[in-house]
Amino acid sequence: MSAIEISKIVIGILILIGALLSVVSSIGLIRLPDLYNRTHAATKSATLGILAILLGAFLFFWIVDGYISARLLLGIAFVFVTAPVGGHLIGRAAYNTKVPLWEKSVQDDLKNKQKQRVEG
Amino acid sequence: MPFQIIINLVIAFIWMFLKNDWTSVTFVLGYLLGLVLLFILRRFLPGRFYLWSILAIVRLFLIFMRELVLSNVQVIKQIISPRLDIQPGIFAYPTELKSDWEITTLACLITLTPGTLVVDISDDNKVLYVHAMDLENSKEVIKQIQDTFEKAIMEVTR
């Protein structure tokens, strides 16, 4: 088997993993009980899924066509920087507008902080 | 660190001028030469030798990639398992990091690691409020991981 054949298999596996991760994260969006847990699924699995798909596309154009696309690498970097910030902001906005936690939640340390702010 | 990098670039350009040869090979050669010079003269320069900082950044990046993959495995396990057996909650995590830049990095890293999501940061930048997907069986592990993160970030900015 030539090098190109082997790398094609690796690329295929990468893109399949990315697609599977995206599917799992959408299943997580449906299954998980409250907003905060859904944000977990949305930020983590989707980020790694997009990373794998973009990396697969980058390697494909590089190895098969001999074309290095720096934009795909930049896209990976930008998704990585922005996805956690987006998740954080959604969670924070939800908490500040008093979206309730799941009833089976164990602990809520943030409540004390909100109380102090109201009293002080 | 930026000061040392600028000095190194200047040395590389001086090397190109001395050789009167304007190719990238000469530039790389001059840069390596400057690196050696800076290493010899490291006592007279502010801060520590900058290559160590860059190595620390690379290490932080590798830790980050490993944690990202591990966190995905954990989240997928919980999503796919037939019975939803999680105990979510928000816990306070006191941090020792000072500057805004360090805290931003730590928050991004925590958000992308196993089952944790930063929900809020206290007004005095001393406590991070972290939402954990499965509080009971991962609290120790989370503490441990975040200690390694904090150490790695401190290595960069020390």
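This is a predicted model: local features need pLDDT of at least 70, side-chain atom pairs count only at pLDDT 80 or more; totals for chains, interfaces and linings use all residues.
Residues are numbered from 1 along each chain as its sequence is written, chains are lettered from A in the order in which they are written, and side-chain values use heavy atoms, with hydrogens and water left out.

**The largest pocket**

- About 590 Å³ of space lies in this pocket, and of its 21 lining residues, Phe80(A), Val81(A), Phe61(B), Phe64(B) and Leu109(B) are the closest to its centre.
- A pocket here is an open set of points on a 1 Å grid over the protein atoms alone, where a 1.4 Å probe fits, with protein on both sides within 12 Å along at least five of seven lines; lining residues have an atom within 4 Å of a point.
- Its volume is the space filled by probe spheres set on the points, which are joined across faces, edges and corners.
- H2 and H3 of chain A, plus helix H3 (50-80) and helix H4 (100-111) of chain B, each supply at least two lining residues.
- H3(A) gives the most, with seven residues.

**Chain A at a glance**

- Of the 120 residues of chain A, 36% count as buried, meaning under 20% relative accessible area, with exposed over 50% and partly exposed in between (1.4 Å probe, protein chains only).
- Gly56(A) sits in helix H2 of chain A and is buried, at 0% relative accessible area.
- Gly56(A) and Leu29(A) are 27 residues apart in sequence and 25 Å apart in space, C-alpha to C-alpha.

- Ile4(A), Phe60(A), Phe61(A), Trp62(A), Ile63(A), Val64(A), Tyr67(A) and Ile68(A) make a nonpolar surface patch of about 710 Å².
- Patch residues have over 30% relative accessible area and no salt bridge; nonpolar side chains (Val, Leu, Ile, Met, Phe, Trp, Tyr) are joined within 5 Å, and like charges within 9 Å.
- The areas come from the Shrake-Rupley method with a 1.4 Å probe, and for residues only the protein chains shown count as cover.
- Helix H2 (residues 35-63) of chain A gives the most to the patch, with four residues.
- Ile68(A) is in the loop between H2 and helix H3 (70-96) of chain A, and it is exposed at 52%.

**One salt bridge**

- Over all chains, the structure holds one salt bridge, defined as a side-chain nitrogen of Lys or Arg within 4 Å of a carboxyl oxygen of Asp or Glu.
- The pair crosses between chains, from Asp120(B) in strand S2 (residues 116-121) of chain B to Arg92(A) in helix H3 of chain A.
- Their closest N and O atoms are 2.4 Å apart.
- Asp120(B) is buried at 2% relative accessibility, whereas Arg92(A) is partly exposed at 32%.

**A spot to look up in chain B**

- Asn20(B) is not a glycine, yet has a positive phi of about 55°.
- Asn20(B) is in the loop between helix H1 (2-19) and helix H2 (24-40) of chain B.
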